[in-house]
Amino acid sequence: MGWAKYARGKLSLPVITGIFCALTFIVLLYTERITTSSSGFHFGIKTCPRRNAAKLKKHHTGVRELKSSPLDNPTDDRFVFDPEECSLNNGKWVFNTSIKPLYTDRTCPYIDRQYSCTKNGRDDSDYLHWEWRPDDCILPRFDPKIALRKLQGKRIMFVGDSIQRNMWESFVCLVQSVIPEGEKSMKLGPVYSVFKAKEYNASIEFYWAPFLVESNTDIHIIADSKQRIMKVDSIAERAKQWLGVDFLVFNTYVWWMSSLKAKALWGEFANGEEGYEEFDTPISYKLALRTWANWIDSTIDTNLTKVFFTTMSPTHQRNEDWGNMNGTRCFNETRPVMKKGHWGVGSNKDLMKAVVDVIGRMKVHVTVLNITQLSEYRIDGHASVYGELGGKLLTDKQKADPSNFADCIHWCLPGVPDTWNRMLYAYL
């Protein structure tokens with residue numbers, strides 16, 4: 001009663017109201033929950049858009065930065081990207097002819113022929129002008145000079161399969177155009193490759209490890225997937241190459257999808273590689289991920305290294321998934337799927353759930369680059385018949401047979417992997 005009497009005598013109604021609102025905000029702040037949706041496989045924090053955030057950001061970053069962005073417009077109520085608040089998983093592809101790729105497969109000399117669609121005869125170009133627009137925030141443009149400054153004196157390594165190599169080559173091409181000749185170099189190898197930006201003392205590296213754990217098909221590839229055996233508890237031989245790296249970007253998916261069953265072995269390859277057990281693929285996948293996670297938790301110093309995991313890149317082998325009953329896999333597709341939440345058979349939810357379960361139990365924080373849903377829409381972005389097979393470009397006869405020869409796994413460069421790297425760039 002005494003305090004209330006004092007308050008009435010000393011405090012005006014607006015002040016009392018302000019105190020009440022501040023206390024309410026604090027309560028809400030501390031009751032905010034981190035959510036993970038098992039149906040959509042969202043990672044991280046999901047919050048409501050903040051309409052005034054762009055104005056607040058202008059005060060801190062300067063007017064020039066916001067004015068330089070084509071995404072800035074008075075009707076856009078999305079907030080400026082904040083890794084603690086923004087979900088990049090939900091959004092849509094917007095056709096934007098004003099954007100131009102930062103490179104082409106003719107100006108970047110580091111693209112494998114497998115991904116060089118334009119050079120290999122693809123004559124449509126609309127697929128180059130689709131831009132991912134998250135629902136509740138603005139994804140920053142990739143600025144090669146800023147990216148290189150973020151990497152100055154550092155190493156970033158992409159570890160995984162050929163899709164991860166796809167992403168690595170995209171990253172290299174995004175930055176290499178602003179580096180003068182003589183100030184950059186590329187050394188390619190069957191397992192380990194490195195691009196160096198000498199002026200920045202930075203390296204952008206790729207390490208081939210399609211299962212992350214060791215297998216009998218890593219180096220000398222076994223074509224018959226039934227003969228492949230994964231050492232699901234062995235990673236040390238590969239992982240010693242990952243030490244001392246500032247940014248590690250992992251993936252593993254496509255090679256697990258070659259069979260419904262996967263052979264798992266504990267210990268060393270001995271006695272003719274006998275002693276393996278055969279499991280459903282999601283079980284073997286989860287065992288391998290646990291081995292990877294245990295190595296990360298027991299080895300990585302988060303003060304020195306930041307860890308990322310890229311979710312599965314969808315394959316688009318079944319045209320019926322997106323309603324093109326007269327099509328042939330991804331061949332001749334020139335537009336993304338526009339149906340919200342489209343999900344085809346090329347993305348395995350059991351494997352996605354394994355990623356959620358394993359990473360969710362780790363001690364070391366892993367930033368998940370959830371590329372799966374946004375890539376599901378992009379049936380138009382694959383190499384299709386404009387890639388190569390067995391190190392050779394497809395012949396005209398093979399190109400005329402897309403049901404057998406269209407590559408609906410890998411992506412054209414420039415293309416969809418550039419958007420994955422925009423996400424990575426935002427988190428660096």
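A polar contact is a pair of N or O atoms within 3.5 Å; within protein, one must be able to donate a hydrogen and the other to accept it. The exercises below use a predicted model.

**Exercise 1.** Find which side chain makes a polar contact with the side chain of histidine 410, then list what histidine 410 touches.

*Solution.* 
- The polar partner is the side chain of glutamine 114, at 3.2 Å.
- Leaving out residues up to four places away in sequence, histidine 410 touches Gln114, Tyr115, Ser162, Ile163, Asn166, His382 and Ala383.

**Exercise 2.** Describe the largest pocket and its lining.

*Solution.* 
- Its volume is about 1200 Å³.
- The lining has 37 residues, and Gln114, Ser162, Trp255, Ile409 and His410 are the closest to the centre of the pocket.
- Strand β19 gives the largest share of the lining, four residues.
- Other elements supply at least two residues each, including α6 (162-176) and β8 (202-208).
- Sort the lining by class: 17 nonpolar, 13 polar and seven charged residues.

**Exercise 3.** Find the largest nonpolar core and say which element gives the largest share of it.

*Solution.* 
- The largest nonpolar core has 100 residues. Among those with the most contacts inside it are Phe158, Trp242 and Leu424.
- Helix α6 gives the largest share of this core, eight residues.
- A second, separate core has ten residues, including Cys330 and Cys412.

Note on methods: Residues numbered from 1 in each chain as written. Predicted model: local features only at pLDDT ≥ 70, side-chain atom pairs only at ≥ 80, totals over all residues. Heavy atoms only, no water. Contact = heavy atoms within 4.5 Å. 1 Å grid on protein atoms, 1.4 Å probe; cavity = no way out; pocket = protein on both sides within 12 Å on 5 of 7 lines; lining within 4 Å. Points joined across faces, edges and corners; volume = space filled by probe spheres on them. Nonpolar A, V, L, I, M, F, W, Y, C, P; charged D, E, K, R; others polar. Core = buried A, V, L, I, M, F, W, Y, C linked by side-chain atoms within 4.5 Å. Buried < 20%, exposed > 50% of the residue type's maximum accessible area, 1.4 Å probe, protein only.
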